[in-house]
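Okay, thanks for coming, everyone. Let me put the structure up and walk you through a few spots in it.

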Amino acid sequence: QVQLVESGGGLVQPGGSLRLSCAASGSIFSINVMGWYRQAPGKQRERVAGITRGGSANYVDSVKGRFTISRDNAKSTVYLQMNSLRPEDTAVYYCNAGATTWGRYWGKGTQVTVSS
């Protein structure tokens, strides 16, 4: 019913930047929250950042001041601007959408690798 497609991942050096995009399509009227989650091998998936339909944003402490989540005017696309990247940011980043956090819809993920 809702499809999420991530883009923008890749390889970047420590201290560098990447901008992730997530485009939602389908029955997007059901979406209240969109966010970014990440998972590294052997680790639990964690919520990185989220933004509500009303524009309220929040972040996990480890990325505050470095990452910025934003949305387009249609509230169907979210972005994650990632600055000052660290090796520990390396993970598969997943877009998520739904009525709440940890919503029912997930993208397939995009790999972010921070390495010299």
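Let's start with a hairpin: strand 9 and strand 10 make one, with six residues between them, and W102 in the turn has a positive phi of about 50°. Strands here are DSSP runs of E, at least two residues, numbered from the N terminus.

Quick housekeeping: this is a predicted model, where local features need pLDDT of at least 70 and side-chain atom pairs count only at pLDDT 80 or more, while totals for chains, interfaces and linings use all residues. Residues are numbered from 1 along each chain as its sequence is written, and side-chain values use heavy atoms, with hydrogens and water left out.

Back to strand 9, residues 91–98. Seven of its eight residues are buried, and buried means under 20% relative accessible area, with exposed over 50% and partly exposed in between (1.4 Å probe, protein chains only).

So who pairs with strand 9? Pairing needs at least two bridges found by DSSP between two strands. With strand 10, residues 105–106, there are two bridges, antiparallel, and A97 sits opposite Y105. Strand 4, residues 33–39, also runs antiparallel to strand 9, with seven bridges; Y37 has Y94 as its bridge partner there. Then strand 11, residues 110–114, joins strand 9 through three antiparallel bridges, with Y93 partnered by T110.

Last stop, S62, in the loop between strand 6 (57–59) and strand 7 (67–71). Is S62 buried or partly exposed? Partly exposed, because its relative accessibility is 34%. The side chains of S62 and R38 are joined by a polar contact of 3.4 Å, meaning N or O atoms within 3.5 Å; within protein, one must be able to donate a hydrogen and the other to accept it, and residues adjacent in sequence count only if both atoms are side-chain atoms.

Terms used:
Helix = DSSP H or I, 4+ residues; strand = E, 2+ residues; numbered from the N terminus.
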